[in-house]
Every structure is written in structure tokens, then in C-alpha cells.
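Please walk through the fold shown here, one packing contact at a time.

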Amino acid sequence: MTPPQAWKMPTSCDHCGSTFTRGMPWQRFCSTNCKKNYAYHHSQAADASPRECIECGATFIPWNPRCKLCGDPCRRARRSRLRAEWQSTLPRGYRNSDLQEAAKRQHDRSLDRARNHGNNWTGPELELVARGDLTTEELTIALGRTSYAIHSARRLLRVDPRKQALAGSPNPPREMEQS
Ligand SMILES: [Zn+2]
Ligand SMILES: [Zn+2]
């Protein structure tokens with residue numbers, strides 16, 4: 001039995017250092033990913049010199065050449081600022097704050113007439129919610145529940161098999177829904 005050729009012996013990846021076995025004698029990297037990363041980090045683009053954070057202006061040393069933000073606090077701040085800017089471009093009534101207010105108003109309205117508030121859900125009630133042809137508003141009136149309770153019942157009907165059983169039928173298969 002001939003000993004294996006030298007290039008077939010396990011070697012270490014020039015980029016990540018992990019041990020791998022070459023498929024070809026000239027192979028230097030364990031994966032295409034490592035080959036690309038190595039090329040990138042050794043190219044002109046791989047400028048990891050200190051720079052200014054685009055959010056707070058502090059000078060920092062990037063952990064990766066493409067890094068523009070000094071850390072997680074700045075990343076979070078930038079994301080929430082951009083989100084707020086985007087929200088402000090939406091017409092009134094479509095912003096998150098408006099939707100939350102509208103939901104709150106609907107809840108307050110339904111709470112006034114929620115005679116079943118706090119009671120356990122019964123099968124016939126869940127059956128009505130599961131039908132899907134009644135709006136939340138109609139269900140709050142029909143069942144004497146709050147709109148928040150209707151929303152959470154809908155959610156439970158999607159994920160909780162016991163609630164599905166109480167409702168009489170689990171969600172029908174797609175084909176049946178369409179026909
Ligand atoms: Zn590697
Ligand atoms: Zn910063």
C-alpha cells in the first residue's frame with residue numbers, strides 16, 4: 001500500500017485556519033467563502049483604518065472594512081431614527097402611532113360592552129371567530145368581548161391545537177378554503 005500523497009494530508013486554511021483536506025494540490029482555503037474573504041481582506045477595499053462613526057462622529061477602529069457605525073448603540077439609534085423618518089413620510093392614519101391609537105380606541109369602545117370579559121372561551125364562541133367572515137368589530141358586539149381578546153383568540157386559533165379543537169374544526173386546508 002502506497003502512502004498518501006503529501007498534498008492529500010490534512011492542512012490548515014490560509015484564511016480561517018481550520019483543518020481541511022485538499023481536493024486539488026493547489027488548494028489553500030477550506031471553502032469558496034474563505035477564498036473570497038481572504039481576497040477581500042487583502043484587497044485595496046480592505047481598509048480597516050480608524051474612521052468616524054456616521055451616527056455619533058466618534059473615531060473607532062472598524063472590526064470589518066465596511067463598518068460605518070462604532071457599535072450597537074449607534075446601530076440601534078440609526079435604525080430607529082430611519083424608521084421614524086420613514087413613518088413620518090406615511091400619510092396620517094397609516095403611521096404606527098395612528099394605528100395603535102385606532103386600535104386602542106376600538107378596544108376602549110368594545111370594553112364598554114364586553115359583558116363576557118374575563119370569562120373562558122366556549123366552543124361556539126371560538127367557532128364564530130374561526131369562521132373568518134366577521135370583522136373584529138362585529139365579533140366584539142356578537143360575543144361581548146374586547147377587540148384585544150378577539151385578536152388573541154384569532155392568534156391562538158392559528159397556533160393552539162386545543163383551541164382549534166374547541167372551535168370544532170382546525171383551519172381547513174387551502175384547497176377547501178378556495179372552493
Ligand atoms: Zn477557511
Ligand atoms: Zn457611534
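**Helix packing, core and confidence**

Helix H5 (residues 136-143) packs against helix H6 (residues 147-159) at an angle of about 105°, and their axes lie 9 Å apart. H5 is therefore roughly perpendicular to H6, since angles of 65 to 115 degrees count as such. On the H5 side, the contact is made by Thr 136, Leu 139 and Thr 140. H6 answers with Ser 147, Ile 150 and His 151. By class, this contact of H5 with H6 holds two nonpolar residues, four polar residues and no charged ones. This is a predicted model, and these values are computed from it.

H6 has another partner, H4. The axes of H4 and H6 come within 10 Å and cross at roughly 85°. That angle falls in the 65 to 115 range, so H4 is also roughly perpendicular to H6. Leu 126, Val 129 and Ala 130 form the H4 side of the contact. Ile 150, Ala 153, Arg 154 and Leu 157 form the H6 side. The class make-up of the contact of H4 with H6 is six nonpolar, no polar and one charged.

Now turn to the core. Nonpolar side chains tend to be buried together in soluble globular proteins. Which residues make up the largest nonpolar core here? There are 10 in all: Leu 126, Val 129, Ala 130, Leu 139, Leu 143, Ala 149, Ile 150, Ala 153, Leu 157 and Ala 167. Helix H4 (123-131), H5 and H6 each supply at least two residues of this core. H6 gives the largest share, four residues.

Elsewhere, look at Ala 77 in helix H2 (residues 72-89). Is Ala 77 buried or partly exposed? Ala 77 counts as partly exposed, because it has 13 C-beta neighbours inside 10 Å, and a buried residue needs 20 or more. Ala 77 and Cys 56 are 21 residues apart in sequence. In space, their C-alpha atoms are 9.6 Å apart.

Last, confidence. The protein chain averages a pLDDT of 86, and 90% of the residues score at least 70. Strand S2 (residues 19-20) has the highest confidence, at 95. Helix H8 (residues 174-178) has the lowest, at a mean of 42. Over residues 172-179, pLDDT stays under 50. For that stretch, the model has one contact beyond four places in sequence. Where pLDDT is low, the predicted coordinates should not be read in detail.

Conventions: Residues numbered from 1 in each chain as written. Chains lettered and ligands numbered in written order. Predicted model: local features only at pLDDT ≥ 70, side-chain atom pairs only at ≥ 80, totals over all residues. Axes fitted to C-alpha atoms, helices over the stretch in contact; angles between N-to-C directions. Parallel < 35°, antiparallel > 145°, perpendicular 65-115°, else oblique. Contact = placed C-beta atoms within 7 Å. Nonpolar A, V, L, I, M, F, W, Y, C, P; charged D, E, K, R; others polar. Core = buried A, V, L, I, M, F, W, Y, C linked by C-beta atoms within 7 Å. Buried ≥ 20, exposed ≤ 12 C-beta atoms within 10 Å, placed from the backbone. pLDDT = per-residue confidence, 0-100.
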